[in-house]
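Reader: I'd like to go through a model with you, one feature at a time. Could you show me how to read each of them?

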Amino acid sequence: MATTTSTEVSRAGTATRAPRRPRAGRIERNRQRWGWFFLAPFAAVFLVLLVAPLAYAFWMSLRTDTLAAGESFTGLANYQRAFTDPLFLGGLGRVGLFVAVMVPIQLGVALVAALVLDTLATRLSRFSRLMIFVPYAVPGMIGALMWGFLYSPRFGPATDIFGLFGATPPGFLAPGTVFYSLVNIVTWQWAGYYMIIIYAALRGIDPAVYEAARIDGASGFQIATRIKVPMISAALVMVVIFALIGTLQFFTEPSILRNVAAGAIPVHYTPNMYAHGLAFSYQQFNYASTISFALGVIVFAFSYLFLFLTRKRSGLNS
Amino acid sequence: MSLQTTGGAAGAPPTDRTARRRPRRDRGTDHAARGPHSSRVGSHLFLLALVLYFVTPLWWLVVGATKSNSGLFASSSSPLWFADDFSFVENVQQLWTYQGGIYFTWLGNSFLYALAAGVGATVLALLAGYGFAKYRFRGRNAAFALLLGSVMVPLTALVIPTFVLLAEMELVNTRWAVILPSLLSPLGVYLVRVYAQDVVPDEMLDAGRVDGAGELRLFFQVALPLLRPALVTVLLLTVVATWNNYFLALTMVRSPDLLPVTVGLAQWQALSSGGAGGETLWNLVVTGAFLSVLPLIGAFLALQRYWQGGLALGAIK
């Protein structure tokens, strides 16, 4: 589909260009080469800091360093090890669970907040928009640090707040609950940013559509769910992609919270934490590169799959 | 490819925003005037509940920064209200002198890393995005497909291999080890390309060419002023990403005087909760965290006009 259109375009291009004198064509072609000139600085950084590390990681993952024999080529043995390694698989399962729980919650909060904001034009709504967004300006490390204090029975207000209702607070940093404590931290951190993206997309809809719907007797709720949400599906897809990629790379929040809840968060809690520990606590750079590369491929594959599955839908509706 | 399709479908030209906002706002007030009173009250209560949730941790930080080490404990004063003794000044003084004021070295490093990486990444993205948008060079489609694919490569997966590469170039544990990897912003290139396609008219460039202007001069004098909103957006996104980054600096630098504030504070936090033999620096951790979030929050409040329009670029991609 895409290829046919592009060939049609280029055919049309050559057709109009054909009658021109060859010299003008050459000048034109030389001018278009300036594109590479503008692209060159970024391309250099791209090659050195993205392509080279990826290639290097793959190369390293094909080798194994042992004390007895030194470094040697071992093919896909590291991958065989990784995909039977309960610590890696456990971390992978955990971030998968985080995606399943966290992404819908973040998206839900962001979407509902944006839809409500879109119906209001008061000073309070503008103020709320700003305040909900503010955590985006707080580093993830600081966010996790603050929530670590708030969760702590020694420092936090939970005992007082639950005490008002005569209850005792749950242990936020216990092994069973720390998962939800982390979900809360990340939601707090990112929902506002996603809300701003969705809100901006809502503002881009032509209001005449709502007028037409209202004349047809649609309620505010119907307008929101049947018109607004489908019309911003492209923005929603982007938000999910951002959240998906971010969550699969989970590192900062669990490692900061680990400082105050070491019992509940093991060093291999997420694949990135596992890789970091392998590299810097055990000097296993080859195996760490394998984990990194495998994680990169998985993230890429899932994002691509998601884009592929939603492509039709977002294309149809917008 | 599909990113491009969604971009084409939902990609309302950013220039239309201001024109569109007008009727929207009229509709908004009109609707507000006609809408059922009760639902508006409900909406506002809902928003207030959200604001309470999002602001409470920051309020705790403000209050916590005014407390002494022992005052931070919930048993001595309410965590969400000020204690009787106001120790903010003492805390800042202690930060200023503790380990020779290393906290402020960290803060300076964070500024340096964020600005250097932000400016660098923005320049690269502006040039490349403009090149993609305005020239039909050979290999453009393949290069752009590669760029789109790289948006989905998780950057943390690159950190450990980049560490090993930079170690071989003996760049690890230098400022470059943090700045160089942060220069990479495929998303920035993408945003500039989408924006440049809409706001820089080919006719204008052609007219400049007829007048004898070179391609570089066209970029600086014709395109760049038009691309200013994209510039602000990409600068903001990259500065925030670098300022907030933790994993990269944690991996790349070891020397205490090269750390950014995020990694430094995490070390103090680990030290304080270590218990046995560790010093308790809780008041320094909390006051340090408070001071470190002020610059970005201040910048966002001051630059509202720019980022609210600018992040929309991200939305309508």
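Predicted model: local features only at pLDDT ≥ 70, side-chain atom pairs only at ≥ 80, totals over all residues.

Reader: Fine. What does the secondary structure of chain A come to?

Author: Chain A has 15 helices and two strands. For chain B, the tally is 16 helices and zero strands.

Reader: How do I read the overall form of chain A? Why is it described as more spread out than a compact globule?

Author: You set the radius of gyration against what the globule rule gives for the chain length. For chain A the radius of gyration is 26 Å, while the rule gives 20 Å for 318 residues, so chain A is more spread out than a compact globule.

Reader: How about contacts along the sequence? What share in chain A joins residues at least 24 apart?

Author: Take the contacts in chain A between residues at least 6 apart in sequence: 71% of them join residues at least 24 apart. In chain B, 76% of the contacts with a separation of 6 or more are between residues 24 or more positions apart.

Reader: On to the two chains together. How many residues of chain A are in contact with chain B?

Author: On the chain A side there are 92, and they meet 91 residues of chain B. Helix 3 of chain A, residues 34–61, gives the largest share of the chain A side, 17 residues. By residue class, that side divides into 63 nonpolar, 24 polar and five charged.

Reader: Last one: how do I describe a helix pair?

Author: Two packed helices are described by the angle between their axes and the distance between the axes. The crossing is left-handed.

Reader: Which residues of helix 6 and helix 9 of chain B make the contact?

Author: Helix 6 of chain B brings Leu147(B), Leu148(B), Ser150(B) and Val151(B), and helix 9 of chain B brings Pro186(B), Leu187(B), Val189(B) and Tyr190(B). Sorted by class, the residues of this contact are seven nonpolar, one polar and no charged.

Conventions
Residues numbered from 1 in each chain as written. Chains lettered and ligands numbered in written order. Left-handed = near helix turned anticlockwise from the far one by under 90°. Helix = DSSP H or I, 4+ residues; strand = E, 2+ residues; numbered from the N terminus. Contact = placed C-beta atoms within 7 Å. Nonpolar A, V, L, I, M, F, W, Y, C, P; charged D, E, K, R; others polar. Rg over C-alpha atoms; globule rule 2.2 N^0.38 Å.
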